[in-house]
Amino acid sequence: MPQRHSKNNNDLAFFTYEEKRKLGYGTQRERLGKDSIKPFDACCLCLKSLIDPLCCPKGHVFCKECILECLLAQKKDIKRKIAAHEAQKKLEKEEEEEKLMLQKSKELDAFDQQNHGAVPQYHDRNDSQDKNGFHGANSVKVTSFEEEALRNMKAFWLPSATPEATAKVEAPSTDTICPEGQEKLKLKSLFPISFTEETTDHKNKKSVEKSYMCPSCKSTLTNTMSLVTISTCGHVFCKKCSDKFLITDKVCLVCNKPCKERNFVSLEKGGTGFAAHDERLEARDFKHLGSGSGLGLVKPAPKNY
(Lines give C-alpha, C1' and ligand atoms only; values in the text may rest on other atoms or scores of the structure.)
Protein backbone atom coordinates (compact mmCIF):
# COMPACT_ATOMS: atom_id res chain seq x y z
CA MET A 1 0.00 0.00 0.00
CA PRO A 2 1.57 3.36 -0.97
CA GLN A 3 2.38 5.77 1.81
CA ARG A 4 0.53 9.04 2.13
CA HIS A 5 2.29 12.01 0.58
CA SER A 6 1.31 14.38 3.41
CA LYS A 7 3.34 12.34 5.91
CA ASN A 8 6.42 12.14 3.67
CA ASN A 9 6.50 15.62 2.17
CA ASN A 10 9.97 16.84 3.24
CA ASP A 11 10.49 19.75 0.86
CA LEU A 12 8.92 22.35 3.17
CA ALA A 13 10.88 25.09 4.94
CA PHE A 14 9.54 24.01 8.32
CA PHE A 15 8.93 20.79 10.21
CA THR A 16 5.52 19.25 9.80
CA TYR A 17 3.63 17.63 12.65
CA GLU A 18 4.54 14.14 11.43
CA GLU A 19 8.24 15.03 11.20
CA LYS A 20 8.21 16.50 14.72
CA ARG A 21 6.49 13.39 16.01
CA LYS A 22 9.12 11.14 14.43
CA LEU A 23 11.90 13.26 15.95
CA GLY A 24 10.37 12.96 19.41
CA TYR A 25 9.24 16.58 19.68
CA GLY A 26 6.76 17.51 22.41
CA THR A 27 5.73 15.91 25.67
CA GLN A 28 6.48 12.20 25.87
CA ARG A 29 4.24 10.27 28.26
CA GLU A 30 4.79 6.86 29.75
CA ARG A 31 2.63 4.88 32.13
CA LEU A 32 4.40 3.85 35.33
CA GLY A 33 3.95 0.34 36.58
CA LYS A 34 4.19 -1.19 40.03
CA ASP A 35 7.96 -1.68 39.77
CA SER A 36 8.48 2.08 39.29
CA ILE A 37 6.66 3.07 42.47
CA LYS A 38 8.18 3.11 45.93
CA PRO A 39 6.71 0.62 48.44
CA PHE A 40 5.55 1.80 51.85
CA ASP A 41 8.47 0.15 53.71
CA ALA A 42 11.22 1.71 51.57
CA CYS A 43 13.41 4.70 52.43
CA CYS A 44 12.60 7.90 50.55
CA LEU A 45 16.32 8.55 49.96
CA CYS A 46 18.01 5.23 49.21
CA LEU A 47 14.78 3.47 48.04
CA LYS A 48 15.82 0.32 49.90
CA SER A 49 14.24 -1.52 52.80
CA LEU A 50 14.18 0.55 55.96
CA ILE A 51 16.99 0.19 58.49
CA ASP A 52 16.33 1.89 61.84
CA PRO A 53 13.44 3.89 60.33
CA LEU A 54 12.76 7.50 61.30
CA CYS A 55 9.63 9.40 60.37
CA CYS A 56 9.05 13.13 59.92
CA PRO A 57 5.84 14.88 61.09
CA LYS A 58 4.46 14.72 57.51
CA GLY A 59 4.74 10.92 57.31
CA HIS A 60 7.87 10.52 55.16
CA VAL A 61 9.99 7.58 56.28
CA PHE A 62 13.78 7.41 56.03
CA CYS A 63 16.63 5.20 57.15
CA LYS A 64 18.38 6.69 60.15
CA GLU A 65 21.76 6.84 58.43
CA CYS A 66 20.32 8.34 55.22
CA ILE A 67 18.41 11.19 56.87
CA LEU A 68 21.30 12.04 59.23
CA GLU A 69 23.73 12.26 56.31
CA CYS A 70 21.24 14.40 54.39
CA LEU A 71 20.73 16.85 57.27
CA LEU A 72 24.48 17.02 57.91
CA ALA A 73 25.15 17.79 54.24
CA GLN A 74 22.50 20.53 54.37
CA LYS A 75 24.14 22.02 57.47
CA LYS A 76 27.53 22.10 55.73
CA ASP A 77 26.01 23.69 52.64
CA ILE A 78 24.25 26.34 54.75
CA LYS A 79 27.51 27.10 56.55
CA ARG A 80 29.33 27.49 53.22
CA LYS A 81 26.63 29.81 51.85
CA ILE A 82 26.70 31.95 55.01
CA ALA A 83 30.50 32.30 54.71
CA ALA A 84 30.17 33.32 51.04
CA HIS A 85 27.45 35.83 51.92
CA GLU A 86 29.59 37.36 54.70
CA ALA A 87 32.57 37.61 52.33
CA GLN A 88 30.38 39.36 49.75
CA LYS A 89 29.10 41.84 52.34
CA LYS A 90 32.68 42.57 53.43
CA LEU A 91 33.73 43.11 49.80
CA GLU A 92 30.79 45.45 49.16
CA LYS A 93 31.69 47.44 52.27
CA GLU A 94 35.31 47.76 51.10
CA GLU A 95 34.18 48.89 47.64
CA GLU A 96 31.89 51.50 49.21
CA GLU A 97 34.75 52.83 51.35
CA GLU A 98 37.01 52.94 48.30
CA LYS A 99 34.41 54.95 46.39
CA LEU A 100 34.15 57.44 49.26
CA MET A 101 37.93 57.83 49.39
CA LEU A 102 38.05 58.33 45.62
CA GLN A 103 35.33 60.95 45.83
CA LYS A 104 37.20 62.80 48.56
CA SER A 105 40.44 62.70 46.56
CA LYS A 106 38.59 64.13 43.53
CA GLU A 107 37.25 66.97 45.63
CA LEU A 108 40.73 67.71 47.00
CA ASP A 109 42.25 67.68 43.50
CA ALA A 110 39.58 70.05 42.22
CA PHE A 111 40.10 72.34 45.21
CA ASP A 112 43.90 72.29 44.76
CA GLN A 113 43.63 72.98 41.04
CA GLN A 114 41.28 75.90 41.67
CA ASN A 115 43.65 77.48 44.22
CA HIS A 116 46.92 76.97 42.30
CA GLY A 117 45.78 77.94 38.82
CA ALA A 118 44.34 76.16 35.83
CA VAL A 119 47.75 75.25 34.28
CA PRO A 120 48.84 71.87 35.63
CA GLN A 121 52.45 71.14 36.57
CA TYR A 122 54.06 68.15 34.85
CA HIS A 123 57.15 66.15 35.71
CA ASP A 124 59.27 64.11 33.35
CA ARG A 125 61.10 60.87 34.16
CA ASN A 126 64.00 62.73 35.77
CA ASP A 127 61.58 64.52 38.12
CA SER A 128 62.41 67.85 36.42
CA GLN A 129 59.43 70.15 36.50
CA ASP A 130 58.24 71.74 33.26
CA LYS A 131 57.50 75.36 34.16
CA ASN A 132 55.69 76.11 30.90
CA GLY A 133 53.39 73.13 31.32
CA PHE A 134 54.44 71.71 27.93
CA HIS A 135 54.95 67.99 27.55
CA GLY A 136 55.68 65.76 24.60
CA ALA A 137 53.71 62.82 23.26
CA ASN A 138 55.86 60.30 25.13
CA SER A 139 55.19 61.89 28.50
CA VAL A 140 51.41 62.18 28.43
CA LYS A 141 49.94 62.09 31.90
CA VAL A 142 46.57 60.39 32.30
CA THR A 143 44.32 62.16 34.73
CA SER A 144 42.36 60.38 37.44
CA PHE A 145 39.13 60.94 35.49
CA GLU A 146 40.57 59.16 32.44
CA GLU A 147 41.84 56.31 34.60
CA GLU A 148 38.40 55.85 36.10
CA ALA A 149 36.81 55.99 32.65
CA LEU A 150 39.19 53.30 31.36
CA ARG A 151 38.55 51.17 34.43
CA ASN A 152 34.76 51.43 34.16
CA MET A 153 34.55 51.18 30.38
CA LYS A 154 32.29 48.31 29.25
CA ALA A 155 33.81 47.24 25.93
CA PHE A 156 33.06 43.63 25.06
CA TRP A 157 35.43 43.77 22.06
CA LEU A 158 38.46 44.40 24.32
CA PRO A 159 39.58 41.41 26.43
CA SER A 160 40.88 43.71 29.17
CA ALA A 161 37.64 45.73 29.35
CA THR A 162 35.12 42.90 29.04
CA PRO A 163 32.52 43.30 31.79
CA GLU A 164 32.09 40.43 34.22
CA ALA A 165 28.73 39.53 35.68
CA THR A 166 29.13 39.35 39.43
CA ALA A 167 27.13 36.54 40.98
CA LYS A 168 25.32 38.02 43.94
CA VAL A 169 24.93 35.61 46.84
CA GLU A 170 21.61 35.99 48.59
CA ALA A 171 21.27 35.52 52.33
CA PRO A 172 20.72 31.76 52.79
CA SER A 173 18.07 30.22 54.97
CA THR A 174 19.37 28.52 58.10
CA ASP A 175 16.58 25.91 58.18
CA THR A 176 17.07 22.34 57.02
CA ILE A 177 14.32 20.93 54.84
CA CYS A 178 12.80 17.51 54.34
CA PRO A 179 14.24 15.98 51.13
CA GLU A 180 10.86 14.48 50.23
CA GLY A 181 8.24 17.01 51.34
CA GLN A 182 10.38 20.18 51.02
CA GLU A 183 9.13 21.55 54.34
CA LYS A 184 11.22 22.67 57.31
CA LEU A 185 12.64 19.72 59.22
CA LYS A 186 14.65 19.57 62.42
CA LEU A 187 16.47 16.58 63.81
CA LYS A 188 14.52 16.66 67.05
CA SER A 189 11.21 16.44 65.16
CA LEU A 190 12.10 12.98 63.78
CA PHE A 191 10.83 10.00 65.73
CA PRO A 192 11.51 6.25 65.33
CA ILE A 193 8.80 3.90 64.10
CA SER A 194 8.51 0.13 64.32
CA PHE A 195 6.62 -2.28 62.09
CA THR A 196 5.21 -5.52 63.46
CA GLU A 197 6.59 -8.47 61.51
CA GLU A 198 4.27 -11.27 60.56
CA THR A 199 4.53 -14.45 62.59
CA THR A 200 5.03 -17.87 61.06
CA ASP A 201 1.32 -18.62 61.40
CA HIS A 202 0.21 -15.66 59.28
CA LYS A 203 3.22 -15.42 56.96
CA ASN A 204 3.06 -16.83 53.45
CA LYS A 205 5.47 -19.77 53.10
CA LYS A 206 6.38 -18.81 49.51
CA SER A 207 7.34 -15.27 50.49
CA VAL A 208 11.06 -14.66 51.04
CA GLU A 209 11.02 -10.93 51.85
CA LYS A 210 9.96 -9.47 55.16
CA SER A 211 6.27 -8.77 55.53
CA TYR A 212 4.54 -6.70 58.16
CA MET A 213 1.10 -6.82 59.72
CA CYS A 214 -1.17 -4.62 61.72
CA PRO A 215 -0.80 -5.57 65.41
CA SER A 216 -4.52 -5.08 65.95
CA CYS A 217 -6.32 -6.88 63.13
CA LYS A 218 -3.34 -9.06 62.06
CA SER A 219 -3.84 -8.16 58.40
CA THR A 220 -0.81 -7.94 56.11
CA LEU A 221 0.27 -4.38 55.34
CA THR A 222 0.42 -3.58 51.64
CA ASN A 223 0.67 -0.52 49.44
CA THR A 224 -3.11 -0.42 49.07
CA MET A 225 -3.62 0.34 52.77
CA SER A 226 -3.40 3.67 54.54
CA LEU A 227 -1.09 3.43 57.55
CA VAL A 228 -0.98 5.47 60.74
CA THR A 229 1.82 5.64 63.30
CA ILE A 230 1.95 7.09 66.81
CA SER A 231 4.74 9.61 67.37
CA THR A 232 5.04 8.79 71.08
CA CYS A 233 5.81 5.07 70.72
CA GLY A 234 6.26 4.54 66.95
CA HIS A 235 3.94 1.57 66.43
CA VAL A 236 2.25 1.35 63.03
CA PHE A 237 -1.41 0.44 62.53
CA CYS A 238 -3.77 0.33 59.60
CA LYS A 239 -6.17 3.23 59.11
CA LYS A 240 -9.26 1.20 59.98
CA CYS A 241 -7.94 0.12 63.39
CA SER A 242 -6.71 3.62 64.06
CA ASP A 243 -10.15 5.15 63.45
CA LYS A 244 -11.93 2.38 65.31
CA PHE A 245 -9.79 1.95 68.44
CA LEU A 246 -6.89 4.41 68.78
CA ILE A 247 -8.81 7.66 68.29
CA THR A 248 -11.55 6.59 70.70
CA ASP A 249 -9.39 4.95 73.41
CA LYS A 250 -6.36 7.29 73.12
CA VAL A 251 -4.11 4.35 74.10
CA CYS A 252 -1.62 2.34 72.01
CA LEU A 253 -2.85 -1.23 71.52
CA VAL A 254 0.69 -2.68 71.76
CA CYS A 255 2.39 -0.92 74.67
CA ASN A 256 -0.67 0.69 76.34
CA LYS A 257 1.05 4.06 76.24
CA PRO A 258 -1.38 7.00 76.32
CA CYS A 259 -1.47 9.25 73.27
CA LYS A 260 -3.39 12.22 71.95
CA GLU A 261 -4.98 12.92 68.60
CA ARG A 262 -2.10 15.16 67.53
CA ASN A 263 0.29 12.20 67.95
CA PHE A 264 -1.28 10.29 65.04
CA VAL A 265 0.77 10.67 61.84
CA SER A 266 -0.41 9.26 58.51
CA LEU A 267 2.46 7.57 56.68
CA GLU A 268 3.12 8.26 53.02
CA LYS A 269 1.22 5.82 50.86
CA GLY A 270 2.99 3.23 48.76
CA GLY A 271 2.09 2.79 45.10
CA THR A 272 0.18 -0.06 43.48
CA GLY A 273 0.24 0.88 39.79
CA PHE A 274 -3.56 1.25 39.53
CA ALA A 275 -5.03 4.59 38.50
CA ALA A 276 -7.90 4.26 40.96
CA HIS A 277 -5.46 4.20 43.89
CA ASP A 278 -2.60 6.49 42.85
CA GLU A 279 -2.51 9.98 41.42
CA ARG A 280 0.98 10.28 39.92
CA LEU A 281 1.26 7.30 37.59
CA GLU A 282 2.37 9.07 34.41
CA ALA A 283 5.95 10.17 33.74
CA ARG A 284 6.30 13.14 31.41
CA ASP A 285 9.35 14.31 29.49
CA PHE A 286 9.37 17.36 27.21
CA LYS A 287 11.70 17.48 24.17
CA HIS A 288 12.16 20.35 21.76
CA LEU A 289 14.06 20.69 18.52
CA GLY A 290 17.54 22.16 18.60
CA SER A 291 19.04 24.52 16.03
CA GLY A 292 20.99 22.73 13.31
CA SER A 293 20.29 19.23 14.60
CA GLY A 294 17.37 16.90 14.75
CA LEU A 295 17.10 16.70 18.54
CA GLY A 296 17.73 19.44 21.07
CA LEU A 297 17.93 19.72 24.78
CA VAL A 298 15.87 17.42 26.93
CA LYS A 299 14.15 18.71 30.04
CA PRO A 300 14.34 16.08 32.82
CA ALA A 301 11.02 14.76 33.99
CA PRO A 302 10.04 14.96 37.67
CA LYS A 303 10.45 11.83 39.74
CA ASN A 304 7.32 9.84 40.32
CA TYR A 305 7.46 7.22 43.00
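User: Which strands make up the open sheet of three strands, and in what order?

Analyst: The order is β3-β2-β6, and the pairing is antiparallel. The edge strands are β3 (61-63) and β6 (191-192), because each pairs on one side only. Two strands pair if DSSP finds at least two bridges between them. This is a predicted model, in which local features need pLDDT of at least 70, side-chain atom pairs count only at pLDDT 80 or more, and totals for chains, interfaces and linings use all residues. Residues are numbered from 1 along each chain as its sequence is written, and side-chain values use heavy atoms, with hydrogens and water left out.

User: How do you know that β2 and β3 pair?

Analyst: DSSP finds three bridges between β2 and β3, in the antiparallel sense. The definition asks for at least two, so β2 and β3 count as paired. One of the residues involved is Pro53, whose bridge partner in β3 is Cys63. Helix α3 (residues 64-115) packs on this sheet and touches β2 and β3, with its direction at about 90° to that of β3. Such an angle, on a scale from 0 to 180 degrees, is taken between N-to-C directions of axes, which are lines fitted to C-alpha atoms, for helices over the stretch in contact. In general, strands of a sheet pair through backbone hydrogen bonds, either parallel or antiparallel.

User: How many helices and strands does the protein have?

Analyst: There are five helices and 13 strands. A helix is a DSSP run of H or I with at least four residues, a strand is a run of E with at least two, and numbering starts at the N terminus.

User: Why is Ile51 called exposed?

Analyst: The relative accessible area of Ile51 is 57%. Exposed means over 50%, buried under 20% and partly exposed in between (1.4 Å probe, protein chains only). Ile51 is over the 50% limit, so Ile51 is exposed. The residue is found in the loop between β1 (26-31) and β2 (53-55). Leaving aside residues up to four places away in sequence, Ile51 touches Cys63 and Lys64; a contact means heavy atoms within 4.5 Å.

User: What makes Asp77 and Arg80 a salt bridge?

Analyst: Their side chains meet at 2.4 Å, N to O. A salt bridge is a side-chain nitrogen of Lys or Arg within 4 Å of a carboxyl oxygen of Asp or Glu, so Asp77 and Arg80 qualify. The two residues are three apart in helix α3, which means a separation of about one helical turn. Asp77 is partly exposed at 29%, whereas Arg80 is exposed at 52%.

User: Why do Lys210 and Glu197 count as a salt bridge?

Analyst: The N to O distance is 3.8 Å, and that is within 4 Å, so the pair counts. The pair links distant parts of the chain, 13 residues apart: Lys210 is in the loop between β7 (196-197) and β8 (212-213), and Glu197 is in strand β7. Lys210 is exposed at 56%, while Glu197 is partly exposed at 43%.

User: What separates Lys239 and Asp243 in helix α5?

Analyst: They are four residues apart in helix α5 (residues 239-249), so about one helical turn lies between them. Lys239 forms a salt bridge with Asp243, with the closest N and O atoms 3.8 Å apart. Lys239 at 35% is partly exposed, and Asp243 at 38% is partly exposed.

User: How many salt bridges are found in the whole structure?

Analyst: The search finds five.
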